[in-house]
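Thank you for coming, everyone.

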Amino acid sequence: MVRKILAAALLASVATPALAESVVVTAAHLLDVNSGKTLDDPVVVITDGRIASVVTGANARPVIPAGATRIDLPGKTILPGLIDMHVHLTSLAEIGGYTGLKYTDSFWQAVGVANAKKTLDAGFTSVRNVGSGDFDDVGLRQAIDGGWIEGPRMTTATYAIGATGGHCDDNSLPPSLDKQQPSVINSPGEARAKVRWLHKYGATVIKICATGGVFSLGDSVGGQQLSFEEMKAIADEAHMLHLKVAAHAHGDEGIKAAILAGIDTIEHCSLASDEAIKLAVEHHTWFDMDIYNDDYILATGTKNGTEQQSIDKERMIGLKQRQTFARAVKAGVPMLFGTDAGVYPHGDNAKQFAMMVKWGMTPIQAIRAATLSAADALGTPDDVGQIAVGRYGDIVAVDGDPLADVRVLEHPAAVIKGGERVR
């Protein structure tokens, strides 16, 4: 008798699958980032976190599942959840230089929780976190994916790979307190091994430091720091593991070497020559340029603890980077939206859209850089970047027309991630 009861219960559980959870989102308009057109009266049905149907027009009759939750956004324009391709969620612009040494190691992951929420509330439902100590970004990603905290979908680089004494090493302490970063390499063989190690412990993208940087001490911002052979070893190993590679590179020689080595995205690109821009077009290498944060860095100066030499570096390359951006856009380089949030305050990510338009992009080009193009560069075009069937139900709603005034993206009226309204 007991066996029969258990068998009947098991059969019932198999025959009666769990009901799918559906959400219906309505709005006044939908910006189709693929066509660049604004469509009226959209109805988006999201089932179990992914978009099941999208219809537009007052006469459309969508199939709405019984018992579906409704999110009605009258008068709003909806577009895909935004993607920032260059953030540091476990960093704070407000704490720079040696000031950071006052805080215990776990402090940075703790503030990362707050930064993740700020970023999501700002309309960015996906980010690529390109550099974090102690695998803090992996922990954040796991907590977000598990539903323990609120934040965007994260692609995590963990430690960034660099050379001894380079931008990704720690040059702030004297030899008696020497601290070499765990991701430092000094040969192609070491580079391959480091990619494997980072992948083992949670890297879903690889970040390298091909040249010097603004916030590293004692190096030239444009000087190449990894050899072509080292970069190629990293790219080959990462691609074998189905990982993309991002290269921090301000200087022209480092940018060109990274492109020829097969690196997927070049970050910053401040001093790229016409030759480097031409190579990027030929190899379809993405440029990811943080052209907004110069204003914040120079306005705050050393107030947050930033060293004067870093301010001097930023003053040297800030305008040049924006001019390079304009040349790259005009030449047809594939462009991404990346802000380097953490160098300026988290949550202000969307302020870069207006700067991208000021320096040569149309509004739809800037929006595509943070949607379609970003999804393509991440290698997840079937998951994010569009309001389309099969993609995650990630949506941001704004007041007004972002094609007429891209600044409306700075103040989202609603944010939906996976069919759940988070703001």
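Side chains of opposite charge can pair when their charged atoms come close. Please also keep in mind that what you see is a predicted model, in which the mean pLDDT of the protein chain is 93 and 96% of the residues reach 70 or more.

Let me turn to the overall division. The protein chain is split into domain 1, which is made of residues 22-81 together with 385-421, and domain 2, which covers residues 82-378. Where they touch, domain 1 contributes 24 residues and domain 2 contributes 25 residues. Their C-alpha centres are 30 Å apart, and the two domains bury about 1,900 Å² between them, with 68% of that area on carbon and sulfur atoms.

How many salt bridges are there between domain 1 and domain 2? The count is 1, and D394 pairs with R153 in a salt bridge whose closest N and O atoms are 2.8 Å apart. Across this interface there are also 5 residue pairs in polar contact, counting pairs with both residues at pLDDT 80 or more.

On the domain 1 side, the elements that give two or more residues to the contact are β5 (69-80) and β17 (414-417), and β17 supplies the largest share, with 3 residues. The residues on that side comprise 13 nonpolar, 7 polar and 4 charged.

Finally, looking at the whole structure, we find 21 salt bridges. In one of them, the side chains of D288 and R128 meet at 3.3 Å, N to O. Because D288 lies in strand β14 (residues 286-288) and R128 in strand β7 (residues 124-129), this pair ties together parts that are 160 residues apart in sequence.

Conventions
Residues are numbered from 1 along each chain as its sequence is written. Side-chain values use heavy atoms; hydrogens and water are left out. pLDDT is the predictor's confidence in each residue, from 0 to 100. Domain bounds come from an automatic or database domain assignment. Contact means heavy atoms within 4.5 Å. Buried area is the accessible area (1.4 Å probe) that two parts lose on being put together, summed over both. A salt bridge is a side-chain nitrogen of Lys or Arg within 4 Å of a carboxyl oxygen of Asp or Glu. A polar contact is a pair of N or O atoms within 3.5 Å; within protein, one must be able to donate a hydrogen and the other to accept it, and residues adjacent in sequence count only if both atoms are side-chain atoms. Helices (H or I, at least four residues) and strands (E, at least two) are DSSP runs, numbered from the N terminus. Ala, Val, Leu, Ile, Met, Phe, Trp, Tyr, Cys and Pro count as nonpolar, Asp, Glu, Lys and Arg as charged, and the others, Gly among them, as polar.
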